[in-house]
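Trainee: Could we go through this model together, beginning with the overall fold and ending with single residues?

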Amino acid sequence: FDTIVCGNLFGDILSDEASMLVGSLGMLPSASIGQPDEPGVFEPIHGSAPDIAGTDAANPLAMILSAAMMCKYDLAQPHAADLLERAVDVVLDQGKRTRDIYDPEDPDQTLVGCHAMGQA
């Protein structure tokens with residue numbers, strides 16, 4: 001599916017389960033979109049991750065991809081959305097990984113923190 005429309009509780013369950021398909025909650029953006037003339041809410045499915053706050057361990061890619069969704073669906077800025085999505089592709093192609101998606105057995109990956117991933 002490209003889009004699944006459901007209630008909040010079932011959406012939470014589905015998004016948590018779907019995160020395992022890509023390896024981490026830190027990789028999935030989300031959107032709550034209402035009426036066409038009202039703004040949506042765009043956020044990573046992992047929320048604020050208070051258990052790792054201030055440790056430079058969070059994966060910022062879901063937030064960046066959430067911003068891309070906001071550009072595309074709420075701000076009518078598809079070019080900006082494409083730039084953000086391509087930036088995520090580039091950094092992953094470079095092998096940069098936060099700890100939630102890092103495989104220490106893969107010599108092509110480099111472990112980085114939240115700040116370094118965001119700067120990359």
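Predicted model: local features only at pLDDT ≥ 70, side-chain atom pairs only at ≥ 80, totals over all residues.

Trainee: In what order do the elements of the protein run from the N terminus on?

Mentor: The protein contains 4 helices and 4 strands. Read from the N terminus on, these elements follow the order α-β-β-α-α-β-β-α.

Trainee: What radius of gyration does the protein have, and what would a compact globule have?

Mentor: The C-alpha atoms fill a box of roughly 45 × 30 × 30 Å when it is taken along the principal axes. A compact globule with 120 residues would have a radius of gyration near 14 Å, and the value for the protein agrees with this, being 15 Å.

Trainee: What percentage of the residues in the protein is buried?

Mentor: Buried here means a relative accessible area under 20%. The protein exposes about 8,000 Å², of which carbon and sulfur atoms supply 56%. Of the 120 residues, the buried ones make up 29%.

Trainee: How many salt bridges does a search of the whole structure find, and which side chains meet there?

Mentor: Side chains of opposite charge can pair when their charged atoms come close. The search of the whole structure finds 1 salt bridge. The N to O distance in this salt bridge is 3.4 Å, and the side chains that meet are those of K72 and E85.

Trainee: Which helices hold K72 and E85, and how many residues apart are the parts that the pair ties together?

Mentor: K72 is partly exposed at a relative accessible area of 33%, and E85 is also partly exposed, at 28%. K72 lies in helix α2 (residues 61-73) and E85 in helix α3 (residues 78-93), so the pair ties together parts whose separation in sequence is 13 residues.

Trainee: Which backbone nitrogen does the side chain of Q109 reach?

Mentor: Q109 lies in the loop between β3 (96-97) and β4 (110-111), and it counts as buried because its relative accessibility is 14%. Beyond its neighbours within four places in sequence, Q109 is in contact with G95, R97, I101, Y102 and D103. At 2.7 Å, the side chain of Q109 reaches the backbone nitrogen of D103.

Trainee: Which residues form a nonpolar patch on the surface together with F10?

Mentor: F10 has its place in helix α1 (residues 8-22), where it is partly exposed with a relative accessible area of 47%. The nonpolar patch has about 330 Å² of accessible area in total, and the residues that form it with F10 are L9 and I13.

Note on methods: Residues numbered from 1 in each chain as written. Heavy atoms only, no water. Patch = residues over 30% accessible without salt bridge, like charges linked within 9 Å, V, L, I, M, F, W, Y side chains within 5 Å. Areas by Shrake-Rupley, 256 points an atom, 1.4 Å probe, with all protein chains shown as cover. Salt bridge = Lys/Arg side-chain N within 4 Å of Asp/Glu carboxyl O. Helix = DSSP H or I, 4+ residues; strand = E, 2+ residues; numbered from the N terminus. Buried < 20%, exposed > 50% of the residue type's maximum accessible area, 1.4 Å probe, protein only. Polar contact = N/O pair within 3.5 Å; in protein donor to acceptor, adjacent residues only side chain to side chain. Contact = heavy atoms within 4.5 Å. Rg over C-alpha atoms; globule rule 2.2 N^0.38 Å.
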